[in-house]
Number of protein chains: 2
Amino acid sequence: MSEDIYILEKNDVRNLIREKRIIELRNHLTEMYEADIAELMDDLNDKVLALLLFRMLPKLKAVEVFSFLSVDNQRDIITAISETELPYIIENIFFDDMIDMIEEMPAEFVNRVLINIPPEKRKLVNQFLKYPEDSAGSLMTIEYVRLTEDMTVKQALDHVREIGLKKETVYTCYITNMHEKLIGIVSLRALVTENPSHKITEIMEKDIIVVNTHDDQELVAEKFKRYDLLAIPVVDNQERLTGIITVDDIIDVMEQEATEDFQIMAAITPSEEEYLGTSVFILAKHRIIWLLILLVSATFTGTIMKNFQHTMESLILLGMFIPMLMDTGGNAGSQSSTLIIRGLATGNIKLSDAFLVLRKEFTISLICGVVLSAVNFTRILIFEPQVPILVALTVSITLITTVVMAKVLGGLLPIAAKKLNLDPAIMAGPLITTVVDAMSLIIYFNVAQAILHI
Amino acid sequence: MSEDIYILEKNDVRNLIREKRIIELRNHLTEMYEADIAELMDDLNDKVLALLLFRMLPKLKAVEVFSFLSVDNQRDIITAISETELPYIIENIFFDDMIDMIEEMPAEFVNRVLINIPPEKRKLVNQFLKYPEDSAGSLMTIEYVRLTEDMTVKQALDHVREIGLKKETVYTCYITNMHEKLIGIVSLRALVTENPSHKITEIMEKDIIVVNTHDDQELVAEKFKRYDLLAIPVVDNQERLTGIITVDDIIDVMEQEATEDFQIMAAITPSEEEYLGTSVFILAKHRIIWLLILLVSATFTGTIMKNFQHTMESLILLGMFIPMLMDTGGNAGSQSSTLIIRGLATGNIKLSDAFLVLRKEFTISLICGVVLSAVNFTRILIFEPQVPILVALTVSITLITTVVMAKVLGGLLPIAAKKLNLDPAIMAGPLITTVVDAMSLIIYFNVAQAILHI
């Protein structure tokens, strides 16, 4: 049972090495899963020690561990290992893992990898490297079982037996015609259960869900989710089969897309780099641009206040409520925009739902605004008796209006962004807050002038 | 090719029905994928029409479409169909889809479903319904291939052939001993390629990654991601095999967990209900609680301003910069807390990284703070010549201090929350903003008093 499997921590490794219990260390490593060994090596943060562990692994296990490692560690290992070890890794690593690795490495390492790839495969690697980042082409692997239309079930099964062990997935096999065009798929389940003498074309599934090499990875993930797939074939513009994408890579894509949305919604330039492994200057750069844009936008609030300076001066008390009004408006707007952005991302809300969203957000904001105003009005009456009732009324009216405005804007701006082919996620909390702040100040001072006659 | 498959839209359906082109409609439906038909029925928002489409489907396809439908539509169909149709659906729907459906339905429908389940299966259903929501037990299915330890590869393959077509996944088979304890797994790939006369126990994998029925679904998703699994066995406390969880259900869990984090981070009570299908009162209820909490907290800013009323009155100009200072502090804090919350969720940041995060956020915030202050100082000098230079200096010093404080708090509070076994996501933008607002006001007025001697 895995729950009982002993997972080494970095301190265990250091202790075992200090005490020269190398055989014990090697035995523990042999029992661990590849993903866990890779994490341990990344955690160690020590090139020499990581390389030492790597060399203790059985050859094939080492290749698998390698594909789980961080780019930094992969680079260190490629630098350190000999000219005889490198070809072994390159020959045995899954094709899509190799492409991933090459894509993320600096040029000097890419060359050292490329010269170790056999010429016929190198051409394919170069072709794969040309697919746009985040496209289906950049995700796919060439390791799948391809069958031809003239095969019987028995021939197909024999073919799977012969080459299947090396392929990343054998559970769906792909049937192409003489022009390499994908004409059908058949599951290993079907091959095992069907009559061996049947023609493969009789039992294959002809309605196939495919993606194009240039489709965006978000669309690919969408199809996996919608149709509960384990793998999807990738075709080029001539409908020729060029590769497949497997579900494990799509799980990574989904996580990456969600992370990107989180970053954009927090006004951070999105990046795939891991927080702990990234320098503070890069991290600061990703944050400063939006902070500057929002800072400059926020100075408009100062201009608005200057225009109402007379109103402020005549009743300094009004200023006390500004932070609360602005915060509540920002929070109300963030709630709406977050729900709509997420709904657009998961496909539960469509562009055509704009009117439904408007109607819903308007009603919700009225309910929330009235409750918040009532609570706040009561709070002022009880705890702040020095506040004139007309000021409390001004605050309450502004609160309702601000919440309604914030929620309607928060609901519609993401949809508007999507209509303009922008990422809806930019219309999240920070931007909504800045817009709502300015508008709530204008409402506040106008209501104050009207009610308090100042 | 799926890209060429004609997908009916709701208006097409209405037109075809109005023009009485029923056979054409049925033909289109037969060609569509089950997931697409279900979405069409949900989109129609018309009970009678949805039921009409449902009745046009071939029986087995109808069952599959049923399992993709929204709970509301499932309920309507159960209400409408006859006592002979219901048992057919119940008999043919995947076990985990049935459990999902029963869990989300009101009691009166549950009873109508339960009485149609054969007694021996009903006992199992009741047992499954007892697993805590979001536990491995509530996600698992009982439809998998179980082999016994005395089988040969040939016997195992024959067994798969015999029962495999009905099982949700046959690609991994599970071997149990006489006490129903899970002792190994074997892939269909291995069964197909290994020598048929070998014992199953010779070729099975004995190091198995399992989860317990009571494990949280987040842990289950974590294991799928880490080990690139297609399915995971679920065992009880006696290590007996009770079910398996397949990757398609985990993809749904991952999406659901990310949505939950988005909601909590936007200060919304998390809920699995879809936005468009939920009443405004429920939606308002999910939002009002946090808005009230944050509103009451935000009134502290008023108290702080009251305490510094004298400072404000002596220089009304100071008030103009408050919204900008508060917004920038809130944005800076949200950036940090979002990155840390997401890092904790994906496992890239651990509790033990607290000191690293502190150091990183401190340096980043210094860089960001200095740049923002410099830009803002220059902006005031150029565009707002009426502002005394000492006031501009006060604003700049406050800006740096606020950004540093916001980012350090934003980085550490999510880790602290996790340490206290709270969901780190609550320490997101809205809460950080409220805390930072209060602290930035205190800093601002104190700096103003010190520099401006007021």
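The two copies meet through the same surface, because 100% of the interface residues of chain B are also interface residues in chain A. Contact here requires C-beta atoms, placed from the backbone, within 7 Å. The model is predicted: local features need pLDDT of at least 70, side-chain atom pairs count only at pLDDT 80 or more, and totals for chains, interfaces and linings use all residues. Residues are numbered from 1 along each chain as its sequence is written, while chains are lettered from A and ligands numbered from 1 in the order in which they are written.

In the interface, 98 residues of chain B are in contact with 98 residues of chain A. The side of chain B that touches chain A comprises 56 nonpolar, 22 polar and 20 charged residues. Nonpolar covers Ala, Val, Leu, Ile, Met, Phe, Trp, Tyr, Cys and Pro; charged covers Asp, Glu, Lys and Arg; the others, Gly among them, are polar.

Secondary structure follows DSSP runs, numbered from the N terminus: helices are H or I of at least four residues, strands E of at least two. Strands count as paired if DSSP finds at least two bridges between them. In chain B, an open sheet of three strands has the order E1-E2-E3 and mixed pairing. E1(B) (144–148) and E3(B) (182–187) stand at the edges with a single partner strand each, so one side of each lacks a neighbour in the sheet. Neighbouring strands of this sheet are turned by 30° against each other on average, direction ignored. Five bridges pair E1(B) with E2(B) (residues 169–176) in the parallel sense. Thr148(B) stands opposite Thr176(B) in E2(B). Helix H12(B) (residues 153–163) lies across E1 and E2 of chain B, at about 150° to E1(B). Axes are lines fitted to C-alpha atoms, for helices over the stretch in contact; angles run from 0 to 180 degrees between N-to-C directions.

Chain A holds an open sheet of three strands in the order E4-E5-E6, with mixed pairing. Its edges are E4(A) (211–212) and E6(A) (241–246), each with a single partner strand, so one side of each is left without a neighbour in the sheet. E4(A) runs parallel to E5(A) (residues 231–235), joined by two bridges. Val211(A) stands opposite Val234(A) in E5(A). Helix H16(A) (residues 247–265) packs on this sheet, touching E5 and E6 of chain A, and its direction makes about 65° with that of E6(A).

Helices H4(A) (residues 47–56) and H6(A) (residues 71–80) pack at about 75°, with their axes 10 Å apart. H4(A) is therefore roughly perpendicular to H6(A), a class that spans 65 to 115 degrees. Lys47(A), Ala50(A), Leu51(A) and Phe54(A) in H4(A) meet Asn73(A), Asp76(A), Ile77(A) and Ala80(A) in H6(A). This contact of H4(A) with H6(A) involves five nonpolar, one polar and two charged residues.

Methods. Angles under 35 degrees count as roughly parallel, over 145 as roughly antiparallel, 65 to 115 as roughly perpendicular and the rest as oblique.
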